Amino acid sequence: MSSDQDFSHYANPGALVTTDWAAEHKDDPSVVLLESNEDVLLYETGHIPGAHKIDWHTDLNDPVTRDFIDPEQFAAFAASKGITPETTVVFYGDKSNWWAAYALWVFTLFGHADLRLIDGGRAKWVQEGRELSTEVPQPRDAQYPVPATRNDPQWRAFREDVLEAIGRTPLVDVRSPAEYSGEVTSAPGFEDKEGALRGGHIPTAVSVPWARAANEDGTFKSREELAAIYQEEAGVGDSESVIAYCRIGERSSHTWFVLKHLLGYDEVRNYDGSWTEWGNGVRLPITVGAEPGEVPAS
Amino acid sequence: MTTGTPLARIFEEFQSVGEQQRLMLLLDYAKRLPELPGAYRDSLQDMDEVVECQSPLFLATDFDDAAEVAHIYFAAPPEAPTTRGFASILQHGLSGQSYEAILGVKADVGSHLGLARVITPLRLRAVNAMVGRISRSVRDHVG
(Lines give C-alpha, C1' and ligand atoms only; values in the text may rest on other atoms or scores of the structure.)
Protein backbone atom coordinates (compact mmCIF):
# COMPACT_ATOMS: atom_id res chain seq x y z
CA MET A 1 0.00 0.00 0.00
CA SER A 2 1.27 3.42 -0.86
CA SER A 3 0.63 4.80 2.63
CA ASP A 4 3.15 2.27 3.96
CA GLN A 5 5.87 3.30 1.56
CA ASP A 6 8.85 4.66 3.41
CA PHE A 7 11.60 6.22 1.34
CA SER A 8 13.75 7.44 4.23
CA HIS A 9 16.24 4.59 3.92
CA TYR A 10 17.19 5.55 0.35
CA ALA A 11 20.25 7.74 -0.24
CA ASN A 12 18.08 10.51 -1.65
CA PRO A 13 14.58 10.02 -0.21
CA GLY A 14 13.37 13.17 -1.95
CA ALA A 15 13.78 11.63 -5.40
CA LEU A 16 10.68 9.45 -4.98
CA VAL A 17 7.10 10.31 -4.20
CA THR A 18 4.10 8.10 -3.56
CA THR A 19 0.88 8.13 -5.55
CA ASP A 20 -0.72 9.61 -2.42
CA TRP A 21 1.75 12.47 -2.51
CA ALA A 22 1.08 13.02 -6.21
CA ALA A 23 -2.67 13.11 -5.60
CA GLU A 24 -2.24 15.65 -2.80
CA HIS A 25 0.26 17.92 -4.52
CA LYS A 26 -0.60 17.70 -8.20
CA ASP A 27 -2.27 21.11 -8.17
CA ASP A 28 0.43 22.89 -6.15
CA PRO A 29 1.75 25.88 -8.11
CA SER A 30 5.31 24.69 -7.44
CA VAL A 31 4.69 21.22 -8.90
CA VAL A 32 4.50 20.05 -12.52
CA LEU A 33 3.65 16.43 -13.34
CA LEU A 34 5.08 15.02 -16.57
CA GLU A 35 3.86 11.72 -18.00
CA SER A 36 6.52 9.98 -20.11
CA ASN A 37 5.42 6.79 -21.85
CA GLU A 38 6.74 4.33 -24.35
CA ASP A 39 3.31 4.36 -25.97
CA VAL A 40 2.90 7.70 -27.70
CA LEU A 41 -0.91 7.68 -27.34
CA LEU A 42 -1.31 6.45 -23.79
CA TYR A 43 -1.42 9.94 -22.26
CA GLU A 44 -4.33 10.80 -24.55
CA THR A 45 -6.40 7.87 -23.23
CA GLY A 46 -6.30 9.39 -19.74
CA HIS A 47 -3.63 10.72 -17.40
CA ILE A 48 -3.29 12.08 -13.87
CA PRO A 49 -5.42 15.25 -13.87
CA GLY A 50 -3.18 18.24 -14.48
CA ALA A 51 -0.25 16.20 -15.82
CA HIS A 52 1.49 17.26 -19.02
CA LYS A 53 2.79 14.94 -21.71
CA ILE A 54 6.46 14.57 -22.54
CA ASP A 55 7.51 12.37 -25.44
CA TRP A 56 10.98 10.91 -24.89
CA HIS A 57 11.47 10.59 -28.62
CA THR A 58 10.17 13.79 -30.16
CA ASP A 59 10.65 16.26 -27.26
CA LEU A 60 14.10 15.36 -25.98
CA ASN A 61 16.07 14.34 -29.06
CA ASP A 62 17.63 16.29 -31.85
CA PRO A 63 17.09 14.13 -34.92
CA VAL A 64 19.86 15.77 -36.92
CA THR A 65 22.76 15.25 -34.53
CA ARG A 66 21.41 12.08 -32.92
CA ASP A 67 21.87 13.82 -29.62
CA PHE A 68 19.74 15.40 -26.95
CA ILE A 69 18.28 18.86 -27.30
CA ASP A 70 20.61 21.75 -26.45
CA PRO A 71 20.24 24.17 -23.51
CA GLU A 72 18.22 26.69 -25.56
CA GLN A 73 15.79 24.01 -26.72
CA PHE A 74 15.55 22.64 -23.20
CA ALA A 75 14.73 26.06 -21.72
CA ALA A 76 12.02 26.61 -24.33
CA PHE A 77 10.59 23.14 -23.77
CA ALA A 78 10.55 23.46 -19.97
CA ALA A 79 8.87 26.87 -20.12
CA SER A 80 6.25 25.50 -22.52
CA LYS A 81 5.24 23.02 -19.81
CA GLY A 82 5.00 25.71 -17.13
CA ILE A 83 8.31 24.75 -15.54
CA THR A 84 10.74 27.23 -13.94
CA PRO A 85 14.11 26.33 -12.37
CA GLU A 86 12.35 26.26 -8.96
CA THR A 87 9.62 23.83 -10.03
CA THR A 88 9.34 20.38 -8.50
CA VAL A 89 9.11 18.22 -11.62
CA VAL A 90 7.49 14.85 -11.00
CA PHE A 91 7.80 12.15 -13.67
CA TYR A 92 5.79 8.99 -14.09
CA GLY A 93 4.97 6.67 -16.96
CA ASP A 94 4.21 3.24 -18.33
CA LYS A 95 6.44 0.15 -18.33
CA SER A 96 7.67 0.54 -14.73
CA ASN A 97 8.80 4.12 -15.33
CA TRP A 98 11.43 3.28 -17.99
CA TRP A 99 10.75 6.38 -20.02
CA ALA A 100 9.93 8.48 -16.96
CA ALA A 101 13.41 7.70 -15.59
CA TYR A 102 14.89 8.51 -19.00
CA ALA A 103 13.19 11.93 -19.09
CA LEU A 104 14.28 12.58 -15.51
CA TRP A 105 17.86 11.72 -16.43
CA VAL A 106 17.79 14.10 -19.42
CA PHE A 107 16.47 16.89 -17.15
CA THR A 108 19.42 16.08 -14.85
CA LEU A 109 21.84 16.88 -17.69
CA PHE A 110 20.52 20.45 -17.64
CA GLY A 111 20.98 20.81 -13.90
CA HIS A 112 17.31 21.07 -12.95
CA ALA A 113 17.33 20.84 -9.14
CA ASP A 114 14.14 19.14 -8.00
CA LEU A 115 13.31 16.02 -10.00
CA ARG A 116 11.22 13.14 -8.67
CA LEU A 117 9.64 9.89 -9.80
CA ILE A 118 6.28 8.53 -8.71
CA ASP A 119 7.17 5.13 -7.25
CA GLY A 120 5.26 2.47 -9.18
CA GLY A 121 4.54 4.81 -12.09
CA ARG A 122 1.37 5.04 -14.09
CA ALA A 123 0.35 1.41 -13.49
CA LYS A 124 0.18 1.93 -9.73
CA TRP A 125 -1.97 5.04 -10.07
CA VAL A 126 -4.34 3.13 -12.38
CA GLN A 127 -4.41 0.01 -10.19
CA GLU A 128 -5.38 2.07 -7.20
CA GLY A 129 -8.44 3.20 -9.11
CA ARG A 130 -7.41 6.85 -9.01
CA GLU A 131 -8.86 9.51 -11.25
CA LEU A 132 -7.73 9.82 -14.88
CA SER A 133 -8.47 12.75 -17.13
CA THR A 134 -8.29 13.25 -20.88
CA GLU A 135 -8.21 17.02 -20.47
CA VAL A 136 -4.93 18.57 -21.58
CA PRO A 137 -4.06 21.20 -18.97
CA GLN A 138 -3.10 24.74 -19.84
CA PRO A 139 0.55 25.24 -18.80
CA ARG A 140 1.24 28.04 -16.34
CA ASP A 141 3.18 31.02 -17.65
CA ALA A 142 6.81 30.32 -17.01
CA GLN A 143 10.26 31.60 -17.83
CA TYR A 144 13.20 29.22 -17.91
CA PRO A 145 16.61 30.89 -18.29
CA VAL A 146 18.85 28.97 -20.68
CA PRO A 147 21.08 26.66 -18.61
CA ALA A 148 24.80 27.43 -18.96
CA THR A 149 25.52 23.95 -20.18
CA ARG A 150 24.26 20.46 -20.77
CA ASN A 151 26.38 18.63 -18.24
CA ASP A 152 27.28 15.60 -20.33
CA PRO A 153 30.64 14.90 -18.64
CA GLN A 154 29.07 14.33 -15.25
CA TRP A 155 26.09 12.17 -16.16
CA ARG A 156 26.72 10.74 -19.57
CA ALA A 157 29.32 8.29 -20.85
CA PHE A 158 30.40 8.20 -24.49
CA ARG A 159 32.04 5.29 -26.27
CA GLU A 160 35.53 6.67 -25.63
CA ASP A 161 34.74 6.92 -21.91
CA VAL A 162 33.46 3.37 -21.87
CA LEU A 163 36.49 2.03 -23.73
CA GLU A 164 38.66 3.76 -21.16
CA ALA A 165 36.55 2.39 -18.30
CA ILE A 166 36.95 -1.29 -19.20
CA GLY A 167 38.85 -2.89 -16.33
CA ARG A 168 38.83 0.34 -14.30
CA THR A 169 35.22 1.28 -13.64
CA PRO A 170 32.35 -1.12 -12.99
CA LEU A 171 30.05 -1.45 -15.99
CA VAL A 172 26.48 -2.60 -15.45
CA ASP A 173 24.64 -4.17 -18.39
CA VAL A 174 20.92 -3.97 -17.66
CA ARG A 175 19.60 -5.85 -20.71
CA SER A 176 18.02 -9.28 -20.63
CA PRO A 177 20.33 -12.28 -20.10
CA ALA A 178 19.92 -13.39 -23.73
CA GLU A 179 21.01 -9.98 -25.01
CA TYR A 180 23.94 -9.97 -22.57
CA SER A 181 25.22 -13.37 -23.61
CA GLY A 182 24.73 -12.59 -27.29
CA GLU A 183 22.08 -15.17 -28.10
CA VAL A 184 19.93 -12.38 -29.49
CA THR A 185 20.85 -8.98 -30.90
CA SER A 186 17.74 -7.07 -29.80
CA ALA A 187 15.46 -7.01 -26.78
CA PRO A 188 12.61 -9.51 -26.47
CA GLY A 189 9.68 -7.91 -28.25
CA PHE A 190 11.90 -5.45 -30.11
CA GLU A 191 13.03 -7.76 -32.90
CA ASP A 192 13.67 -5.96 -36.15
CA LYS A 193 14.27 -2.75 -34.23
CA GLU A 194 17.29 -1.20 -32.64
CA GLY A 195 19.25 -4.29 -33.50
CA ALA A 196 23.01 -4.70 -33.65
CA LEU A 197 25.40 -6.55 -35.92
CA ARG A 198 27.00 -8.35 -33.01
CA GLY A 199 25.53 -9.96 -29.92
CA GLY A 200 27.24 -9.93 -26.55
CA HIS A 201 28.34 -7.34 -24.02
CA ILE A 202 31.11 -4.88 -23.22
CA PRO A 203 34.07 -6.80 -21.73
CA THR A 204 33.99 -6.87 -17.89
CA ALA A 205 30.38 -5.60 -17.71
CA VAL A 206 28.22 -7.42 -15.16
CA SER A 207 24.68 -8.45 -15.97
CA VAL A 208 21.93 -6.98 -13.80
CA PRO A 209 18.68 -6.85 -15.78
CA TRP A 210 16.94 -3.58 -14.89
CA ALA A 211 13.78 -5.28 -13.64
CA ARG A 212 15.66 -6.78 -10.73
CA ALA A 213 15.48 -3.33 -9.11
CA ALA A 214 11.69 -3.38 -9.19
CA ASN A 215 9.00 -5.19 -7.26
CA GLU A 216 6.17 -6.86 -9.14
CA ASP A 217 4.01 -3.75 -8.86
CA GLY A 218 6.75 -1.64 -10.45
CA THR A 219 7.83 0.06 -7.20
CA PHE A 220 11.51 0.01 -6.29
CA LYS A 221 12.94 -2.63 -3.99
CA SER A 222 14.23 -1.61 -0.57
CA ARG A 223 17.69 -0.14 -0.21
CA GLU A 224 18.85 -3.31 1.51
CA GLU A 225 17.69 -5.49 -1.36
CA LEU A 226 19.20 -3.12 -3.92
CA ALA A 227 22.54 -3.04 -2.07
CA ALA A 228 22.62 -6.84 -2.06
CA ILE A 229 22.09 -6.90 -5.83
CA TYR A 230 24.35 -4.09 -7.04
CA GLN A 231 26.98 -3.61 -4.35
CA GLU A 232 27.55 -7.23 -3.50
CA GLU A 233 26.31 -9.59 -6.18
CA ALA A 234 27.28 -7.37 -9.11
CA GLY A 235 30.44 -6.28 -7.36
CA VAL A 236 30.04 -2.54 -7.80
CA GLY A 237 31.05 -2.39 -4.13
CA ASP A 238 32.33 0.98 -2.95
CA SER A 239 33.50 2.13 -6.35
CA GLU A 240 33.23 5.88 -6.70
CA SER A 241 32.04 5.71 -10.25
CA VAL A 242 29.90 3.32 -12.26
CA ILE A 243 28.50 3.25 -15.80
CA ALA A 244 25.18 1.68 -16.81
CA TYR A 245 24.07 0.81 -20.33
CA CYS A 246 21.36 -1.10 -22.15
CA ARG A 247 20.27 -0.97 -25.79
CA ILE A 248 19.28 2.66 -26.32
CA GLY A 249 19.77 4.08 -22.84
CA GLU A 250 16.25 3.99 -21.47
CA ARG A 251 16.33 0.86 -19.31
CA SER A 252 19.72 1.99 -18.04
CA SER A 253 18.17 5.32 -16.98
CA HIS A 254 16.05 3.27 -14.61
CA THR A 255 19.22 1.66 -13.22
CA TRP A 256 20.98 5.06 -13.23
CA PHE A 257 18.20 6.33 -10.96
CA VAL A 258 18.68 3.34 -8.63
CA LEU A 259 22.46 3.73 -8.43
CA LYS A 260 22.41 7.50 -8.08
CA HIS A 261 19.35 8.31 -6.00
CA LEU A 262 18.50 5.13 -4.14
CA LEU A 263 22.00 3.74 -3.44
CA GLY A 264 23.85 7.04 -3.48
CA TYR A 265 26.80 6.36 -5.79
CA ASP A 266 28.52 9.66 -6.54
CA GLU A 267 29.53 9.38 -10.15
CA VAL A 268 26.96 7.42 -12.07
CA ARG A 269 26.93 7.80 -15.82
CA ASN A 270 24.50 6.44 -18.36
CA TYR A 271 26.03 5.26 -21.63
CA ASP A 272 23.09 6.23 -23.83
CA GLY A 273 24.78 5.11 -27.04
CA SER A 274 24.49 1.68 -25.44
CA TRP A 275 24.39 -1.55 -27.40
CA THR A 276 22.97 -0.05 -30.60
CA GLU A 277 26.24 1.88 -30.82
CA TRP A 278 28.67 -0.55 -29.22
CA GLY A 279 27.34 -3.67 -30.94
CA ASN A 280 27.74 -1.97 -34.31
CA GLY A 281 30.87 0.02 -33.54
CA VAL A 282 34.14 -0.38 -35.41
CA ARG A 283 37.11 -1.39 -33.24
CA LEU A 284 35.03 -1.89 -30.13
CA PRO A 285 35.72 -5.18 -28.34
CA ILE A 286 32.93 -7.43 -27.10
CA THR A 287 32.56 -10.50 -24.94
CA VAL A 288 30.16 -13.28 -25.88
CA GLY A 289 28.63 -15.59 -23.28
CA ALA A 290 27.37 -15.47 -19.73
CA GLU A 291 30.66 -14.39 -18.08
CA PRO A 292 31.79 -10.74 -17.83
CA GLY A 293 35.03 -11.56 -19.62
CA GLU A 294 38.55 -10.19 -19.47
CA VAL A 295 40.05 -6.84 -20.33
CA PRO A 296 41.11 -7.18 -23.98
CA ALA A 297 44.81 -6.98 -24.68
CA SER A 298 45.45 -3.61 -26.27
CA MET B 1 -1.74 0.12 -53.41
CA THR B 2 -4.91 0.00 -55.46
CA THR B 3 -7.10 3.01 -54.90
CA GLY B 4 -10.58 2.48 -53.59
CA THR B 5 -9.71 -0.45 -51.32
CA PRO B 6 -10.64 -0.06 -47.65
CA LEU B 7 -6.97 0.28 -46.69
CA ALA B 8 -6.35 2.92 -49.36
CA ARG B 9 -9.33 4.86 -48.05
CA ILE B 10 -7.83 4.76 -44.55
CA PHE B 11 -4.56 6.12 -45.94
CA GLU B 12 -6.47 8.95 -47.59
CA GLU B 13 -8.29 9.62 -44.34
CA PHE B 14 -4.95 10.06 -42.54
CA GLN B 15 -3.39 12.14 -45.27
CA SER B 16 -6.33 14.51 -45.49
CA VAL B 17 -5.74 15.89 -41.97
CA GLY B 18 -2.82 17.61 -40.21
CA GLU B 19 -0.15 15.75 -38.28
CA GLN B 20 -1.57 16.21 -34.79
CA GLN B 21 -5.03 15.18 -36.00
CA ARG B 22 -3.48 12.01 -37.43
CA LEU B 23 -2.47 11.09 -33.91
CA MET B 24 -6.05 11.62 -32.75
CA LEU B 25 -7.28 9.57 -35.68
CA LEU B 26 -4.99 6.74 -34.64
CA LEU B 27 -6.43 6.96 -31.13
CA ASP B 28 -9.90 6.84 -32.61
CA TYR B 29 -8.97 3.64 -34.45
CA ALA B 30 -7.52 2.24 -31.20
CA LYS B 31 -10.94 2.70 -29.59
CA ARG B 32 -12.62 0.99 -32.53
CA LEU B 33 -10.56 -2.20 -32.49
CA PRO B 34 -13.32 -4.82 -32.57
CA GLU B 35 -13.74 -7.19 -29.64
CA LEU B 36 -12.37 -10.65 -30.20
CA PRO B 37 -14.94 -13.23 -31.32
CA GLY B 38 -16.01 -15.46 -28.44
CA ALA B 39 -14.09 -18.43 -29.77
CA TYR B 40 -10.79 -16.62 -29.27
CA ARG B 41 -11.59 -14.73 -26.12
CA ASP B 42 -10.37 -17.37 -23.71
CA SER B 43 -7.71 -18.86 -25.89
CA LEU B 44 -5.14 -16.17 -26.60
CA GLN B 45 -2.54 -18.93 -26.63
CA ASP B 46 -4.11 -20.23 -29.85
CA MET B 47 -3.42 -16.90 -31.52
CA ASP B 48 -0.15 -15.89 -33.09
CA GLU B 49 1.88 -13.42 -31.04
CA VAL B 50 3.47 -10.67 -33.10
CA VAL B 51 6.77 -10.46 -31.25
CA GLU B 52 8.02 -7.42 -33.14
CA CYS B 53 5.56 -5.28 -31.23
CA GLN B 54 6.69 -3.64 -28.04
CA SER B 55 3.39 -4.45 -26.36
CA PRO B 56 1.69 -7.83 -26.48
CA LEU B 57 -0.29 -8.22 -29.68
CA PHE B 58 -2.08 -11.32 -30.81
CA LEU B 59 -3.24 -12.08 -34.32
CA ALA B 60 -5.61 -14.75 -35.63
CA THR B 61 -6.66 -15.35 -39.22
CA ASP B 62 -9.79 -17.25 -40.31
CA PHE B 63 -9.95 -18.45 -43.90
CA ASP B 64 -13.02 -18.75 -46.08
CA ASP B 65 -11.68 -20.84 -48.96
CA ALA B 66 -14.95 -20.83 -50.90
CA ALA B 67 -14.87 -17.04 -51.16
CA GLU B 68 -11.06 -16.82 -50.88
CA VAL B 69 -11.26 -14.17 -48.22
CA ALA B 70 -9.49 -13.91 -44.86
CA HIS B 71 -10.91 -12.58 -41.60
CA ILE B 72 -8.42 -11.02 -39.26
CA TYR B 73 -8.67 -10.65 -35.50
CA PHE B 74 -6.38 -8.84 -33.11
CA ALA B 75 -6.05 -8.55 -29.37
CA ALA B 76 -3.95 -5.94 -27.60
CA PRO B 77 -4.20 -4.49 -24.09
CA PRO B 78 -5.83 -1.12 -23.41
CA GLU B 79 -2.55 0.26 -22.06
CA ALA B 80 -1.06 -0.08 -25.55
CA PRO B 81 -3.25 2.29 -27.60
CA THR B 82 -0.67 2.80 -30.35
CA THR B 83 -0.47 -0.93 -30.97
CA ARG B 84 -4.26 -1.16 -30.83
CA GLY B 85 -4.56 1.71 -33.30
CA PHE B 86 -2.30 0.05 -35.85
CA ALA B 87 -4.07 -3.28 -35.38
CA SER B 88 -7.43 -1.60 -35.83
CA ILE B 89 -6.32 0.10 -39.08
CA LEU B 90 -5.30 -3.26 -40.50
CA GLN B 91 -8.42 -4.96 -39.21
CA HIS B 92 -10.66 -2.34 -40.82
CA GLY B 93 -8.51 -2.19 -43.94
CA LEU B 94 -7.83 -5.86 -44.59
CA SER B 95 -10.26 -8.14 -42.77
CA GLY B 96 -12.75 -9.69 -45.17
CA GLN B 97 -10.53 -8.93 -48.15
CA SER B 98 -9.46 -11.50 -50.71
CA TYR B 99 -6.25 -13.49 -50.34
CA GLU B 100 -4.97 -11.76 -53.44
CA ALA B 101 -5.70 -8.26 -52.08
CA ILE B 102 -3.99 -9.04 -48.78
CA LEU B 103 -0.93 -10.51 -50.45
CA GLY B 104 -0.73 -7.44 -52.65
CA VAL B 105 -0.28 -5.04 -49.72
CA LYS B 106 3.21 -3.60 -49.55
CA ALA B 107 5.00 -3.94 -46.25
CA ASP B 108 5.58 -0.20 -45.88
CA VAL B 109 2.10 0.61 -44.63
CA GLY B 110 3.59 2.86 -41.95
CA SER B 111 4.85 5.37 -44.47
CA HIS B 112 1.37 5.81 -45.98
CA LEU B 113 -0.13 7.00 -42.72
CA GLY B 114 1.93 10.19 -42.60
CA LEU B 115 2.89 9.59 -38.99
CA ALA B 116 6.67 9.40 -39.28
CA ARG B 117 7.26 12.80 -37.70
CA VAL B 118 4.79 12.58 -34.85
CA ILE B 119 5.36 8.95 -33.99
CA THR B 120 8.93 8.43 -35.31
CA PRO B 121 9.88 5.87 -37.94
CA LEU B 122 11.03 3.47 -35.24
CA ARG B 123 7.54 3.08 -33.85
CA LEU B 124 6.06 2.74 -37.32
CA ARG B 125 7.97 -0.46 -37.85
CA ALA B 126 5.46 -2.18 -35.60
CA VAL B 127 2.66 -1.74 -38.11
CA ASN B 128 4.86 -3.01 -40.93
CA ALA B 129 5.67 -6.07 -38.84
CA MET B 130 1.94 -6.72 -38.43
CA VAL B 131 1.41 -6.53 -42.20
CA GLY B 132 4.28 -8.96 -42.71
CA ARG B 133 2.72 -11.35 -40.26
CA ILE B 134 -0.72 -11.20 -41.87
CA SER B 135 0.76 -11.81 -45.34
CA ARG B 136 2.77 -14.74 -44.06
CA SER B 137 -0.29 -16.26 -42.48
CA VAL B 138 -2.22 -15.99 -45.76
CA ARG B 139 0.75 -17.24 -47.80
CA ASP B 140 1.16 -20.26 -45.52
CA HIS B 141 -2.52 -21.05 -45.89
CA VAL B 142 -2.62 -20.71 -49.65
CA GLY B 143 0.49 -22.85 -49.80
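1. The model is predicted: local features need pLDDT of at least 70, side-chain atom pairs count only at pLDDT 80 or more, and totals for chains, interfaces and linings use all residues. Residues are numbered from 1 along each chain as its sequence is written, chains are lettered from A and ligands numbered from 1 in the order in which they are written, and side-chain values use heavy atoms, leaving out hydrogens and water.

2. Chain A is assigned domain 1 (13-128) and domain 2 (159-279); such bounds come from an automatic or database domain assignment. Taken over C-alpha atoms, the centres of domain 1 and domain 2 of chain A are 22 Å apart. Each of these domains of chain A puts 19 residues into the contact, where contact means heavy atoms within 4.5 Å.

3. About 1,800 Å² is buried between domain 1 and domain 2 of chain A, and carbon and sulfur atoms give 70% of this area. Buried area is the accessible area (1.4 Å probe) that two parts lose on being put together, summed over both. On the domain 1 side of chain A, the residues losing the most area to domain 2 are A:S96, A:W98 and A:W105, together 35% of what that side buries.

4. In chain B, helix 4 (residues 81-94) and helix 8 (residues 121-142) have axes that come within 10 Å and cross at roughly 40°. Axes are lines fitted to C-alpha atoms, for helices over the stretch in contact, and angles run from 0 to 180 degrees between N-to-C directions. Helices (H or I, at least four residues) and strands (E, at least two) are DSSP runs, numbered from the N terminus. Helix 4 and helix 8 of chain B are therefore oblique to each other: angles under 35 degrees count as roughly parallel, over 145 as roughly antiparallel, 65 to 115 as roughly perpendicular and the rest as oblique.

5. Residues of helix 4 of chain B that meet helix 8 of chain B include B:F86 and B:L90, and those on the helix 8 side include B:V127 and B:M130. By class, this contact of helix 4 with helix 8 of chain B has 10 nonpolar, one polar and one charged residues. Ala, Val, Leu, Ile, Met, Phe, Trp, Tyr, Cys and Pro count as nonpolar, Asp, Glu, Lys and Arg as charged, and the others, Gly among them, as polar.

6. Helix 2 (residues 19-31) of chain B packs on helix 4 of chain B at about 75°, with the axes 7 Å apart. That makes helix 2 of chain B roughly perpendicular to helix 4 of chain B.
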